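Here's a quick briefing to read alongside the model.

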Amino acid sequence: MTAVLDVRDLDTSFVSPSGTIAALQGVSLTVNTGEILGLVGESGSGKSLTGFSINRLISPPGKVVGGQVLLHGQDVLTLGEEDMRQLRGRRIAMIFQDPMMTLNPVLRIETQMYDALSAHESITKTKARSRAIAALDEVGIPAPEDRLRSYPHQLSGGMRQRVAIAIALLHRPDLIIADEPTTALDVTIQGQILALVQRLCRDRGTALIWITHDLAVVAGIADRLAVMYAGRIVEIGGVDDVLDNPAHPYTRGLIDSVPARGTRGKRLNQIPGRMPALTDLPKGCAYAPRCPRATAACEAMPAIEPISDTRAVRCFHPLTGEAS
Amino acid sequence: MAEFIIKRVLQALLVLLVMTVLVFFGVNVIGNPVYIFASSECDQACLTKIIADLGLDRPVWEQYLVFLGNLLQGDLGNSFTHGIPALSLIFERLPATLELAFAALVLALVIGLPLGMRAGLKPEAFSSRCIMAFSMIGFSLPVFWIGLIMILVFSVQLGWMPSIGRGDTVEVFGTEFSFLTLNGLHHLAMPAFTLSLIMMAMVIRLTRAGMREVLFADYIKFARANGIRERRILSAHVMKNILIPIVTVLGMEFGGVIAFAVVVESIFSWPGVGKMLIDAIGVLDRPLIVAYLIFVVFMFVILNLLVDILYSILDPRVRLGDSPT
């Protein structure tokens, strides 16, 4: 398998007169053709920021300050603005969290799809129309000809997300970054969207980064899983492997926090405390203050070390080999 | 849509009716026009005759009913001073005022929108701060003062601009227009700019505020993530969203600009309805004052209706009777 995306030691900071806040530190991950990488973490862990750093859409004062983002071996961080624009939507597409907000409320679906098409190829209105209809049809929108004339508010949330997915897929990108695209949807619609994206990516060999805080979603869709905490990846590996035998105490805590069947009436295991603010990170491992396994050694930052061929973890006291 | 329009028209009629009461009785309280029309050697018999001629001998409520009856037939009465229908006087003067107001509106948009967009795109830049300072000045300095200073600087000191009148006009469809001749444009420039300042300041501030809000919306991020060119994002995706509040405010403001062009018209001796009103108040020409005020109310009502309709074209979400599927 070839790596579509290879992110190496990505650092993103927010630079302000009162100081620099490191929001992402040393984020490294790869995604292969047709592979789905789940990126999970709490709010503020930097998972969405990772997505926006990859296609360089962080709004100031945020800034990528180090590392490489290799798309088929080419570092996109060194590209000029116009080259980057040509890349966005054509080779790296994005799907956003809230389908109510991702489509422009005052433009017809047709206009928005035409704009997305004509951004990367010169195309006649008629041709664009048939492309748009085909794209809408592909994501399971009934009567696509009529929907083209619609405004976003005339569609349901699930339909809107389907339109957004259709737009993201228009140019058959190499990589799609999906930022919690099902979080705002009903469970049944969520399932449909998951199945849809999974099928489309598999059919076309599109690599996908699925950003979410929902482990159940990741378990259902992803091939591999990366867990983020306070701007760093703390664990990465095959999805079943990680979920069945988490190595990082934080991953363990996350899995235990999910209410499961058969545990009704029992107290949910919670992770005590909260994620530290990026302005106030503890020395060493950021998870140490909440970690039951923390020792004096954790006052230094552990490196992310491979624990097998496919897995790596950032912890001095990983849970490997222990009964969970 | 039809139901919506009918509702609005009924509301408008009610507003008009209330206004006629207020205006008619209000004007009857200020001074007695008879003494202005009567010559100094007019005795009591002559005074009584004038009063009877003007219909002022009848009780006020009866005068009002007569006025209302005439109004329903589209007759707003004859001007005391000119002796011709007040409405035709207004329409004679209106094109000049409309021309001035439209010129001001165009200036406000053509100058205000780009400045506002610039200030919204780079709020920290020095140029943006200058733009915002300019809009603050436009809001706070009184119009008559700006007009006088402009005359002082550009007409008196520098001698670049004419200070009064409409200049050469061209007749189109029976109406005189200044903006079609170079000399007319020259005359139009200063009064139009003066009148546009408040609207321009408002456009700048609204555009900037809209930009600050819309630029960070998810749908703009999505448009960027799709690689849509920045120019297209600004001119269509952003612009159409920020136009909604601008159209609303300008629509309402535009009525005000026509109604209160009084000051600018007086300063620059622009022969429009505003100047006519000032003259009419000076000689207590009651029918003309009433006719003008009714006309202004009518115009406001129509403008608001137009804004509502335009609004629904810009923002599909308020389009009535357009149910979601």
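In this predicted model, 17 residues of domain 1 of chain A are in contact with 11 residues of domain 2 of chain A (contact means heavy atoms within 4.5 Å). Domain 1 covers 3–91 + 173–313 and domain 2 covers 103–170, with bounds that come from an automatic or database domain assignment. Local features need pLDDT of at least 70 and side-chain atom pairs count only at pLDDT 80 or more, while totals for chains, interfaces and linings use all residues; side-chain values use heavy atoms, with hydrogens and water left out. Residues are numbered from 1 along each chain as its sequence is written, and chains are lettered from A and ligands numbered from 1 in the order in which they are written.

- The C-alpha centres of domain 1 and domain 2 of chain A are 29 Å apart.
- Between them, these two domains of chain A bury about 1,200 Å², and 61% of that is on carbon and sulfur atoms; buried area is the accessible area (1.4 Å probe) that two parts lose on being put together, summed over both.
- A:Leu196, A:Leu200 and A:Arg204 provide 34% of what domain 1 of chain A buries against domain 2, more than any other three residues.
- The rule turns up 1 salt bridge across this domain interface (a side-chain nitrogen of Lys or Arg within 4 Å of a carboxyl oxygen of Asp or Glu).
- A:Arg204 also has a salt bridge to A:Glu138, side chain to side chain, at 2.6 Å from N to O.
- On the domain 1 side, α2 (81–87) and α8 (187–204) of chain A are the elements that give two or more residues; helices (H or I, at least four residues) and strands (E, at least two) are DSSP runs, numbered from the N terminus.
- The largest share of that side, 8 residues, comes from α8(A).

**Strands in chain A**

- An open sheet of 8 strands runs β6-β7-β8-β3-β9-β10-β12-β11 in chain A, with mixed pairing; two strands pair if DSSP finds at least two bridges between them.
- Its edge strands, β6 (92–95) and β11 (305–306) of chain A, each pair on one side only.
- β11(A) is joined to β12 (312–313) of chain A by 2 bridges, running antiparallel, and A:Glu305 sits opposite A:Val313.

**Where chain A meets chain B**

- 30 residues of chain A are in contact with 24 residues of chain B.
- About 2,600 Å² is buried between chain A and chain B, with carbon and sulfur atoms giving 58%.
- A:Val106, A:His153 and A:Gln154 account for 22% of the area chain A buries against chain B, more than any other three residues.
- The rule finds 1 salt bridge across this interface, and A:Asp115 forms a salt bridge with B:Arg232, with the closest N and O atoms 2.8 Å apart.
- α4(A) gives the most to the side of chain A that touches chain B, with 4 residues.
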